[in-house]
Amino acid sequence: MNYLSVENIAKSYGERVLFSEISFGINEGQKIGFVAKNGTGKTSLLNMLSGEDSPDTGEIVFRKNLKTAFLSQEPNLDPGLTIEETILASDNPILNIIAQYEKALKNPQDTETYQAAFDAMDAHNAWDFETRYTQILYKLKLDDLNLKVKNLSGGQKKRLALASALLQNPDLLIMDEPTNHLDLEMIEWLEQLFATENFTIFMVTHDRYFLERVCNQIIELDEGNLYSYKGNYSYYLEKRDARIENQATETAKAKQLYKKELDWMRRQPKARTTKSKSRIDDFSEIKQRAHQRRNDHEVQLELNMERLGTKVVELHNVSKSYGDKELFNNFDYNFLKGERVGIIGKNGTGKSTFLNMLTGQLVPDTGKVVIGETVQFGYYTQKGITIKPGQKVIEVVREFGDYIPLKKGRQISAAQLLERFLFDRKKQYDFVEKLSGGERKRLYLCTVLIKNPNFLILDEPTNDLDIVTLNVLESFLLDFPGCLIVVSHDRYFMDKIVDHLFVFKGEGEIQDFPGNYSDYRVYEDSKPSKSASEENTKPKNDWKKDQTKAKLSYNEQKEHSRLEKEIATLEKEREALQNKFATEGWDGEEIDKQSKVLQEIIDSISEKEMRWFELSEKLEG
């Protein structure tokens, strides 16, 4: 079933042509990855598919009543809404039914409202969707539904927008870099969700493992032409290389023919026959084919870095905490020349704090960081480049000088340096604010590297970079002779670049693992889970006892689950009220009033716990 057809669309900005006359379709069940270089129109195309922009020519035709959801790189959320209100604002009526049920759980004394909410859940078969709703919020760490959007970090906003898109239950899900701001655990959960469930997806992502494991089709926009490959990322790479090789062969043949025809053109007399005029007309086409050239330049930079001495960076019993949250405790490590360390861990476990402490921007609570005399840090942070209004690309580099020193006393101009970072002469005079997200990141990387660091720290360098630029960056880093630390959620990038890992496990623990990310996943997956261990130690005849257990009815199972939530809610209310007795300074009359409320809550908890134990005993037999 065809969901969407893109028919001969074109898009330009002034003289800059992004693409023209491109066509493709999206059918039910397809999971399409869209691949193109930064600045060639990926986000523009996604904005057209989402209805936020329109093509200059051509049209995009949607199937009637098609329900779509769009996840942009920079979500446009209402700052005045809470997390829950943002999700409920999506176009899915079941979410409102679940919200009413959750609200009724907080006021169990209002039995009429609760029963109405319970019946609505039954009538719309919303129980399974409630489980999905809860799972998505839990996996994306959106636990406090009352937080305002304006108080969320950029990563939290992206995760909220992703949750909202998933919970709309769309026919077609359009996404721009869905894995940005997700930790590795979230990415692997999302990967599994998309790979196993019946989604129809059109997405742009730099995460090559994600493309490999989720997509069943790759569409590439290359040099203004569209190419489609029915397979995953590995299949695409294989066929793309074959296509480029074939194009190179055809171009070589065209060059030979061009030389022959050029010689003929030079020898022709002025009088032309009909046949010769036809040959002259064909000559311009041959010339065009012969002069085709792929724009696959690579970043090349011969760093004039100072050699590292015997002492690089030493960490002695370093600890850091924020309040009761311990990030790392008594951590010791001596960096050696040429080390290539990857840092992984869940968001909030202290990765960026560790880097800031390493570079002297933060002071440890205990211990010390000793920096060698010859160490020159290059620190690529998540914040990226600071954009100055009206500043042009070349002016950013000229702040470091008109000429940049290289090895052996050589130097290059600012313009030549930018060309090595894939900014042609025309692009160098664009305003920085007009660059795509990936182009800004590439420019920022340029400003970090021209300082000639010998200890390079990259905090999420792959976000917003296209796959072509990532391959170029990887090639550069593989040849980098200094020390390297990389924090990244891009598993493919980490596997290729680093030799060992610092795994931030939370609660102050940092594990030094000797291998790359895939090695670590194999190691973790090989460890027996707690449930598996318990199962192995269980007596073999336990299953017979299990068969004799009494079963709860369907309604009793729902009641059992509902009671757990109600008890947890009431316990929070009790704790909050008890705390107020110590802090509010109430007079005697108010204390008596609030004491009665507290007693009602305690009695309600006791009553519900008695019923919960009754059902639990029946369940356990």
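Trainee: Which residue in S18 is the bridge partner of Arg340?

Mentor: This is a predicted model, and in it strands S12 (residues 340-345) and S18 (residues 483-487) run parallel, joined by four bridges. In S18, Arg340 is partnered by Leu484.

Trainee: Which strands stand at the edges of the open sheet of six strands?

Mentor: The sheet has mixed pairing and the order S14-S17-S18-S12-S19-S20. Two of its strands have a single partner strand each, so one side of each is left without a neighbour in the sheet. These edge strands are S14 (377-380) and S20 (509-513).

Trainee: What angle does the direction of helix H14 make with that of S14?

Mentor: From one strand to the next, the sheet twists by 15° on average. Helix H14 (residues 437-449) packs on this sheet and touches both S14 and strand S17 (455-459). Its direction and that of S14 make an angle of about 170°.

Trainee: Is strand S8 largely enclosed by the rest of the structure or exposed, and how many of its residues are buried?

Mentor: In a regular strand the side chains alternate between the two faces of the sheet. In S8, Gln217, Ile219 and Leu221 point one way while Ile218, Glu220 and Asp222 point the other way, and all are buried. S8 (residues 217-222) is therefore largely enclosed, its buried residues numbering six of the six.

Trainee: Which residue in S9 does Leu221 stand opposite?

Mentor: S8 pairs with S3 (residues 31-36) in the parallel sense, and with S9 (residues 225-229) in the antiparallel sense, over five bridges. S8 and S9 form a hairpin with two residues between them, and Glu223 in the turn has a positive phi of about 55°. Across that pairing, the residue opposite Leu221 is Leu226.

Trainee: How far apart are the end C-alpha atoms of helix H6?

Mentor: H6 covers residues 154-167, which is 14 residues. At 1.5 Å a residue the helix should span 20 Å, and the distance in the model agrees with this. The end C-alpha atoms are 20 Å apart.

Trainee: How many residues of H6 are buried?

Mentor: The buried residues of H6 pack against several elements, including strand S5 (68-71), helix H3 (93-105) and helix H7 (184-196). Among those buried are Gly155, Lys158 and Arg159. H6 is largely enclosed by the rest of the structure, because the buried count is 11 of the 14 residues.

Trainee: Does Ser413 count as buried or exposed?

Mentor: Ser413 lies in strand S16 (residues 411-413). Leaving aside neighbours within four places in sequence, Ser413 is in contact with Asp402 and Tyr403. The cut-off for burial is under 20% relative accessible area. At 16% relative accessibility, Ser413 counts as buried.

Trainee: How many residues apart in sequence are the parts tied together by Arg491 and Asp207?

Mentor: Arg491 forms a salt bridge with Asp207, with the closest N and O atoms 3.3 Å apart. Arg491 is in helix H16 (residues 491-497) and Asp207 in the loop between strand S7 (201-204) and helix H8 (208-214), so the pair ties together parts whose separation in sequence is 284 residues.

Trainee: What is the relative accessible area of Glu474?

Mentor: The side chains of Glu474 and Arg208 meet in a salt bridge, 2.5 Å from N to O. Arg208 lies in helix H8 and Glu474 in helix H15 (residues 467-478), so parts 266 residues apart in sequence are tied together. Arg208 is buried at 1%, and Glu474 is buried with a relative accessible area of 0%.

How values were computed: Residues numbered from 1 in each chain as written. Predicted model: local features only at pLDDT ≥ 70, side-chain atom pairs only at ≥ 80, totals over all residues. Heavy atoms only, no water. Expected span 1.5 Å × (residues − 1). Buried < 20%, exposed > 50% of the residue type's maximum accessible area, 1.4 Å probe, protein only. Contact = heavy atoms within 4.5 Å. Pairing = 2+ DSSP bridges. Axes fitted to C-alpha atoms, helices over the stretch in contact; angles between N-to-C directions. Salt bridge = Lys/Arg side-chain N within 4 Å of Asp/Glu carboxyl O.
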